[in-house]
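I opened the model to look up a few places in turn. My notes follow in the order I made them.

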Amino acid sequence: MSTMSDQTVVRKSIGRTVKAYVALTKPRVLELLLVSTVPVMFLAQGGLPNMWLVLATVVGGSLSAGSAAAFNMYLDRDIDAHMHRTEKRPLVTGEVTPRGALIFSWTLAVTSTVWLLLTTNWLAATLSAVAIFFYVVIYTMILKRRTEQNIIWGGIAGCFPVLIGWSAVTGSLDWPAFILFLLVFLWTPPHYWPLSMKYKGDYEDVDVPMLGVTRNASQVGLQVILYAWATVACSLLLVPIANMGLVYTVSALVFGGWFIYESHRLYNRAVHGTEARPMRVFHASITYLTLIFVAVALDPLLPF
């Protein structure tokens with residue numbers, strides 16, 4: 001009985017440890033990054049890409065994004081302990097040691113780069129490594145705690161999956177990839193700034209100058225509107241540049257109109273002093289980006 005009980009405890013302990021290390025990779029963010037990788041491969045191919053290549057790119061991209069997220073948690077563990085939103089992260093609770101997290105981060109970084117080099121091409125592997133560097137060094141170490149513009153330029157790291165997906169298929173980069181890169185770049189602020197409004201108190205407590213902390217709700221709402229309009233305008237540039245068809249064009253207009261509506265709604269509520277409900281825009285932005293990239297994938301497969 002004692003042996004079986006000990007084995008159960010060991011299994012639970014191993015399970016908790018694995019779960020903790022998986023949490024270091026920020027799986028929910030990972031899902032969003034992959035949404036912008038696979039559809040681009042369909043567009044780059046002009047149809048159905050090689051499924052092995054898609055799988056290899058997804059695996060490499062997941063390891064790369066997971067590495068960046070783990071480095072981020074390692075570097076931000078001091079402020080994560082004082083924020084309600086992040087107080088249950090593995091490095092805060094002690095389920096993962098700082099040394100363990102750092103080794104895990106480097107392992108994922110090296111593995112992802114080597115994997116993409118062996119299964120895709122040197123350009124995709126290089127872009128992956130640059131994305132990790134940008135998120136860890138430029139955003140987390142340099143910008144995040146120094147400027148309210150942090151998420152604008154730091155968000156560039158989240159744009160790289162588009163280029164990685166395209167280059168994995170073509171071995172090069174072209175205008176459609178850069179347009180989609182710009183689309184994600186412009187989308188990131190109106191996606192993240194509502195979150196900074198929701199957790200304004202958290203960021204104030206740790207002196208991180210997110211826009212939701214340094215500006216009032218109406219000013220943040222106005223910035224969200226401007227970037228939402230710019231995002232939708234950019235999405236429409238893809239129509240002539242990549243010869244997109246009816247599915248993508250209608251999707252960009254309809255879903256873009258909805259995204260803009262939600263942005264204006266946030267601003268209007270802030271101006272009139274009612275509850276802004278920023279998370280409504282946050283969740284809408286995720287749905288918008290997902291639907292736009294689904295349209296990117298479907299469009300090359302259809303004859304209209």
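**Entry 1: a loop residue**

I started with Thr25, which I found in the loop between α1 (2–24) and α2 (27–35). The model is a predicted one, and I kept that in mind for each entry.

Is Thr25 buried or exposed? I read a relative accessibility of 13% for Thr25, so it counts as buried, the cut-off being under 20%.

I then looked up what surrounds this residue. Leaving out residues up to four places away in sequence, I noted that Thr25 touches Gly66, Ala69, Phe104 and Leu108. I also looked at the side chain of Thr25 and found one of its polar atoms 2.5 Å from the backbone oxygen of Val22.

Next I went to helix α3, residues 38–45. How many of its 8 residues are buried? I noted 6, so α3 is largely enclosed by the rest of the structure. I listed the buried ones as Pro39, Val40, Met41, Phe42, Leu43 and Ala44.

What covers them? My list includes α2, α4 (51–75) and α10 (160–170). It also includes α11 (175–198), α14 (217–241) and α16 (278–298).

I checked the residue just after α3 as well. This is Gly46, and I noted a positive phi of about 75° for it.

**Entry 2: two helices side by side**

I then turned to helix α7 (residues 98–119) and helix α8 (residues 122–143). They pack at an angle of about 160°, and I noted that their axes are 7 Å apart. Because an angle over 145 degrees counts as roughly antiparallel, I wrote down α7 as roughly antiparallel to α8. The crossing of α7 past α8 is right-handed.

Which residues make the contact? From α7 I listed Ala109, Ser112, Thr113, Leu116 and Leu117. From α8 I listed Trp122, Ala124, Ala125, Ser128, Ala129 and Ile132. Sorted by class, the contact of α7 with α8 has 8 nonpolar and 3 polar residues, and I found no charged ones.

**Entry 3: a glycine in α7**

I stayed on α7 to look up Gly100, which lies in this helix. Its relative accessibility is 14%, so I put Gly100 down as buried.

Last, I looked up how far Gly100 is from Thr249. In sequence the two are 149 residues apart. In space I noted 47 Å between Gly100 and Thr249, C-alpha to C-alpha.

Key
Residues are numbered from 1 along each chain as its sequence is written. This is a predicted model: local features need pLDDT of at least 70, side-chain atom pairs count only at pLDDT 80 or more; totals for chains, interfaces and linings use all residues. Side-chain values use heavy atoms; hydrogens and water are left out. Axes are lines fitted to C-alpha atoms, for helices over the stretch in contact, and angles run from 0 to 180 degrees between N-to-C directions. Helices (H or I, at least four residues) and strands (E, at least two) are DSSP runs, numbered from the N terminus. Angles under 35 degrees count as roughly parallel, over 145 as roughly antiparallel, 65 to 115 as roughly perpendicular and the rest as oblique. A crossing is left-handed if the near helix is turned anticlockwise from the far one by less than a right angle, and right-handed if clockwise. Contact means heavy atoms within 4.5 Å. Ala, Val, Leu, Ile, Met, Phe, Trp, Tyr, Cys and Pro count as nonpolar, Asp, Glu, Lys and Arg as charged, and the others, Gly among them, as polar. Buried means under 20% relative accessible area, exposed over 50%, partly exposed in between (1.4 Å probe, protein chains only). A polar contact is a pair of N or O atoms within 3.5 Å; within protein, one must be able to donate a hydrogen and the other to accept it, and residues adjacent in sequence count only if both atoms are side-chain atoms.
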